[in-house]
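Subject: Handing over a structure, with notes on what was found

Dear colleague,

I am passing a structure on to you, and I would be grateful if you could read the notes below with the sequence and the 3D view open beside them.

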Amino acid sequence: MGKNKLTKADIIEKIYSDSDLSRKSIHIVIDRVFEEIKRGLSDDKVVELRGFGTFEIRLRKGRKRARNPKTGEVFPVQNHGVPVFRPG
């Protein structure tokens with residue numbers, strides 16, 4: 001995999017060059033989209049964006065003995081949700 005990356009600023013700049021919207025307006029819309037995705041996930045909803053993919057929360061099983069690899073400390077981990085993205 002290459003080190004090339006596409007940042008939010010790059011996306012805003014591309015949309016700005018292809019439209020007559022202001023950078024600030026584009027930035028606000030993109031931020032709101034991300035906020036709504038996060039809100040949907042926190043409300044236990046599956047977020048489906050047709051032609052792009054689906055975000056959902058999956059339950060990850062806890063363990064009695066997990067270990068912090070940095071410190072070696074052993075501690076229990078409860079069941080918890082993790083965000084998952086499936087390209088569509």
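This is a predicted model: local features need pLDDT of at least 70, side-chain atom pairs count only at pLDDT 80 or more; totals for chains, interfaces and linings use all residues.

Residues are numbered from 1 along each chain as its sequence is written, and side-chain values use heavy atoms, with hydrogens and water left out.

With a relative accessible area of 34%, Ile15 is partly exposed; here buried means under 20% relative accessible area, exposed means over 50%, and partly exposed is in between (1.4 Å probe, protein chains only). Together with Leu6 and Ile11, Ile15 forms a nonpolar patch on the surface, and the three have about 260 Å² of accessible area together. Such patches are made of residues with over 30% relative accessible area and no salt bridge, with like charges joined within 9 Å and nonpolar side chains (Val, Leu, Ile, Met, Phe, Trp, Tyr) within 5 Å. The areas come from the Shrake-Rupley method with a 1.4 Å probe, and for residues only the protein chains shown count as cover.

The next element to look at is helix H2. It covers residues 23-42, and at 1.5 Å a residue its 20 residues should span 28 Å, which agrees with the 29 Å between its end C-alpha atoms; the expected span is 1.5 Å times one less than the number of residues. In H2, the residues Ile26, Ile30, Ile37, Gly40 and Leu41 are buried. Seen down the axis of H2, the buried residues fall within an arc of 105 degrees, so they line one face of the helix, the arc being that of the directions from the helix axis to the C-beta atoms. What covers these buried residues includes helix H1 (8-18), E1 and E2, where contact means heavy atoms within 4.5 Å. The face of H2 turned away from its buried side, by comparison, carries the exposed residues Lys24, Lys38 and Ser42. Phe34 is also found in H2, and with a relative accessible area of 44% it is partly exposed. The C-alpha atoms of Phe34 and Gly62 are separated by 28 Å, and these two residues are 28 residues apart along the chain. After H2 comes Asp44, whose phi is positive, near 60 degrees.

Asp31 counts as partly exposed at 23% relative accessibility, and Lys8 counts as partly exposed at 33%.

Another salt bridge is formed by Asp18 with Lys14, where the closest N and O atoms are 3.3 Å apart. Because they are four residues apart in helix H1, Asp18 and Lys14 are separated by about one helical turn. Asp18 counts as exposed at 55% relative accessibility, and Lys14 counts as exposed at 51%.

The side chains of Arg58 and Glu56 also meet in a salt bridge, at 3.5 Å from N to O. Arg58 counts as partly exposed at 39% relative accessibility, whereas Glu56 counts as buried at 15%. Salt bridges that share partners also join Arg32, Glu35, Glu36 and Arg39 into one network.

Thr54 lies in E2 and counts as buried at 13% relative accessibility. Leaving aside residues up to four places away in sequence, Thr54 touches Val46, Val47, Glu48, Val84, Phe85 and Arg86. Phe52 lies in the loop between strand E1 (47-49) and strand E2 (53-60), and is partly exposed, with a relative accessible area of 49%. Phe52 and Gly88 are 36 residues apart in sequence and 5.0 Å apart in space, C-alpha to C-alpha.

Technical notes: Helices (H or I, at least four residues) and strands (E, at least two) are DSSP runs, numbered from the N terminus. A salt bridge is a side-chain nitrogen of Lys or Arg within 4 Å of a carboxyl oxygen of Asp or Glu.
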